[in-house]
Structure formats: C-alpha cells, structure tokens
Amino acid sequence: MNILLVTGQLAEPIVKRYVQESQLNPKVVALPFAVAALMTSRYISRQLKSRGVKGLDLILVPGLVKGDVSGISEAVGAPTFKGPRHAADLPSVLSLLSKISLSSETPACDIIREELNRRALDALKEVETNKADLLKKPGNIQVGGLAVGRDFPARIVAEIVDVPKLTNEEIRRKATYYAESGADIIDVGMVAGGSQPKDASRAVAVVKKAVDIPVSIDSMNPVEIEAAVSAGVDLIISLDAGNIREVSKFASDIPAVVIPTDFRRKIFPRKADDRIKLLEKNIEMARKHGFTTLIADPILDPLINPGTVESIVATYRFRQLHPDTLLFLGVGNVTELLDADSPGVNALLTGVAAELEVSFLLTTEVSDKVRGSVEELSRVSDMMFLAKKRESIPKELGLNLLILKEEKLKEEQFSKNMTEGVQSLDAEQSDEYSADPKGCFKIFLDRDKGEIVLLHYHRTNLDKPNLIIRGKKAADVYKTAVKKGLLSTVEHAAYLGAEVEKAEVALKLGRSYIQDTPLF
C-alpha cells in the first residue's frame, strides 16, 4: 500500500521518527511551510501537483488542517484524508487503517477514540439491555430497579453524610449531583450514635423525589432503619449481630448489607480469620430471621492503622469460601483518610475490587481532596468490567481515568538546532508593574455553574465593578475583555490571559484559585 504523509518543515523530524514504528513504510513529504497546521487544502493541492505525485493509494494530511480536505483528492487523484492531530498518534492510526473509516473532515485520532468509546458504551449498554436474563443467573440480584452482581459493573453507592444536619434542599442538591456524577445508589447517611427516625424518613423521601435511582439507609439503629423502610428505602446498610433480630421484624424482604461486628457488645475483629467467622455467623443469623437477599461487607479499613491489607485478605478469603455471595466495599474509608489524589487511588481500589468480584463500592465526598470520587469510581468501574469481559488488562478500552497525565506525550520535542544563529535570552524576573489606565480585574470561580467570573473596576471606583464577564473557557473570557476595550497595555493583557487560564485549570482540577498566587 502506497501511503504519503504530508507535513511541514518543523514537524518533519518527529513525523519521520514515529513513522519508523509502522510496518507500512509510508513516504513522508515536508512541504515548504513551517507550521503544518496552518497549511490550507488549496496550498497542499498546489504543492503536490507541482511535485507530480502519482500511484498513491492514500494521502494523510495533518489533522489540524482546517476545513474539508476532499479537494486534495480531486486535485491529485488519490484518496486524501485527515491524519491525527499529533505525530505521536501516527503509529496507532497506521496500524488501524483497515479497521476504521477515515474522514476528510475529522482527524483520524478522533475517529479512533470515538470508535473505541462507541464499542465500550455498546458493550455496557448490552449488559443493561439483557439484565432480565442475567438476573436469572446465580450471583446477581435486584436492588430497586437496579441489577447488581457478577455479570454487571460494580455499582457505585454515594453516601450523603450526616443527613439530619442538612436541609431538604441541601439533600436534594447532593443527591442530584451524585446521580449526575454516575452514582447507581444514593446512600442516606445518619449520624453515628444518634436516633433520628424522622430525619431518616425525611431524607429518603427527598432523595426518592429528586432522583430516579435506588436509595439506601446507612444506619445501625433499628428505629432509623424502620423509618427509612416506611419511606420506601431499597437497601439497608448495615446489619450486624446487635440489630439483626430487631430489623428482621419489618425489613426481612429488603436487600441488606451484613458486617462482621457486634456493636452492642463492642466486638470489632481485626484479623482476617476472625472477621470471616463473625461475618459468616451474622449472615447465617440473618437468614434464620428471614432475610432473603444479603450482601457481605468485610469492612475495608484505612491504610497503615489499622491497615488495609488485612481487610483485603479477609475479602479474598471470604470470596473463595462463598463464590456466590455478593460483596460490598467502602472504598471511601481509604480515599478519605489518605492525603493523595483520589483518581489513582480509586482506580487501584476498583481494580482490586473487580478481581474480588465486588458488586458494590461505597464512597463519600466529605473532604475537598476527594471531590469527584463518585464520577471517578463510575468511570473506572466500567473500565474494569470491560477489561474482565475482554480478558485483557484495563488499558486502551475506549475509557480511561487519565486526568493529569497522558498515555503518550504529544508535544513536539525541543531541538538545540532551533537556536542556531538566533539570539537566545534568559527571561528576567521582575516585580515591576505599571497600572493600566483602563482599570483592573478581580477573578473568581463560580463552582456551582462551572464558570470563571471576571470583575472589571474603573480606577476611579474600586468599590464596585462596572462590568462582569462570565465564561467556562479562559479564552472566551479574555477575548471578551479585549473586545470591550477593558485593556490598554500589553503587560495587562498578558497578565489577564495567564490568570484566567490558571482559573480554568483550577476549575477543572478542583484546586483552589487565588489570584496572583501559583496554582501548584
């Protein structure tokens, strides 16, 4: 197959380097234009015609070339499509040429990503479509209208902590946020050691009205559990030796999570074997009292003290002994009590849970550092499910949880050759600042709306802004400020661009934004 890759002068070395990874041996032609992305279809057509290119099966032009490139096909007489945006993606595109339909308008890297994502979503959709048949198999149950078990992705249980302290509107907002983040079940968390049945029924009713997904009650108090049951709760978290008998009087037909404790007698085993014995004993006790659908929670402990490994060992051994019993893990016990970025922690814990065939993953978002954990768990749960289904590693699935890092760097490498014959200066550090006669800016984040808020003040009145600009993208905000004539110095324009870009990054990452202060 005769393939021609068109690029510009600056990108030629990196394109040739990545092409060496392909077995197709495409030819690379660098047109006399510095930046490939700025070339037009008409320019490429003229250049290729003047070179008399013939006998080609395929021409790939840079993915960043604007507009439709089909005109090149007509001018040169060879099928022409957009390649990837970045040279680093060329090996992937070339290896998949026979499996994808290239486009004259959409970059090839987008087509590959969209195809992988479509396949992933189709596989997940197929499981949900066939849930009626899958529920007939052992190891699967139904909670409300939700199918749960080994033939489905792990379901994410998002806890609203300390609901008695919250207003109905606060509960509604939190439930809606969790549902939109991908939660499968909203957990109504009560205050430990309290007894507030009215708040339990109130919160369950509010959540059920706000979202159309199952609701669980997180309490050991039989009075609170009974109130939640009367409000229509779908899952009970949790039963132990101290409350099974009492709860069985009104809720034996509701799915319930069982834990290896006896709170009333203050028994909390730490060793794996002791946990398993008490968990088995509590499950057997619950069955004798009429509970029909039980889920085992060996309790995932925080790292180091008391230690996560012992609880994972308990979970592993319990799974070996009881292959058809559904498992529940509170991963928030680890993420909330670890000063580390949550995406990687959630990904690893979910991967371990997938190997253990855990069906429920519970998390909270109490501390700011774990904000977004529900969305992270939802995404990575689907990843692990797809990997297990394909019997592959959780990589290149069409879904990922890469946020701060990339699978492959796409930047063009700096070369010392670029500096030959050119004056090179070291940037000077300076605290000097010249006030802009047009005024000054104050920048805020509206996290509820996901927007950057830019306030402009006249020099003559710094008490009240004369104009407010809002936007989700930094470029939209500073371009609007320029159009409105709010800047009169290059220095101020550069400052504003840097600050609103910093604000956008802070908004995306959930970091604090403080004007004139480094983000990291």
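Modeller: What follows begins with the whole protein and then turns to one part of it.

The model is predicted, with local features needing a pLDDT of at least 70 and side-chain atom pairs counting only at pLDDT 80 or more, while totals for chains, interfaces and linings use all residues. Residues are numbered from 1 along each chain as its sequence is written, and side-chain values use heavy atoms, with hydrogens and water left out.

The protein has 17 helices and 17 strands, which are DSSP runs numbered from the N terminus (helices are H or I of at least four residues, strands are E of at least two). Its C-alpha trace spans about 85 × 70 × 40 Å along the principal axes. Of the 520 residues, 47% are buried, where buried means under 20% relative accessible area, exposed over 50%, and partly exposed in between, with a 1.4 Å probe and protein chains only.

The part to look at closely is a closed barrel of 8 strands, which runs β7-β8-β9-β10-β11-β12-β13-β14 with parallel pairing. From one strand to the next the twist averages 30°, with axes taken as lines fitted to C-alpha atoms (for helices over the stretch in contact) and angles running from 0 to 180 degrees between N-to-C directions. Strand β7 (residues 155-160) and strand β14 (residues 360-363) run parallel and are joined by 4 bridges; two strands pair if DSSP finds at least two bridges between them. Across this pairing, Ala-158 stands opposite Thr-363 in β14.

Next comes the packing. A nonpolar core is a set of buried Ala, Val, Leu, Ile, Met, Phe, Trp, Tyr and Cys residues joined through side-chain atoms within 4.5 Å. The largest such core has 55 residues, and those touching the most other members are Val-188, Val-207, Ile-236, Leu-239 and Leu-361. With neighbours within four places in sequence left aside, Val-207 is in contact (heavy atoms within 4.5 Å) with Ile-160, Ile-171, Ala-175, Ile-186, Val-188 and Val-215.

Pro-298 sits in the loop between β12 (294-296) and α12 (308-321), and it counts as buried because its relative accessibility is 2%. Not counting residues up to four places away in sequence, Pro-298 touches several residues, among them Pro-260, Leu-327, Phe-328 and Leu-329.

On a 1 Å grid over the protein atoms alone, a pocket is an open set of points with protein on both sides within 12 Å along at least five of seven lines, a cavity is a set of points where a 1.4 Å probe fits but cannot get out, and lining residues have an atom within 4 Å of a point. Grid points are joined across faces, edges and corners, and a volume is the space filled by probe spheres set on the points. The second largest pocket has a volume of about 1,100 Å³, and of the 37 residues that line it, Ala-192, Asp-218, Met-220, Ile-259 and Phe-263 are the closest to its centre. The elements giving two or more residues to this lining are β10 (235-239), β13 (326-330) and α13 (332-335). The largest cavity holds about 50 Å³ of space, and its lining includes Leu-326, Leu-327 and Ser-359.
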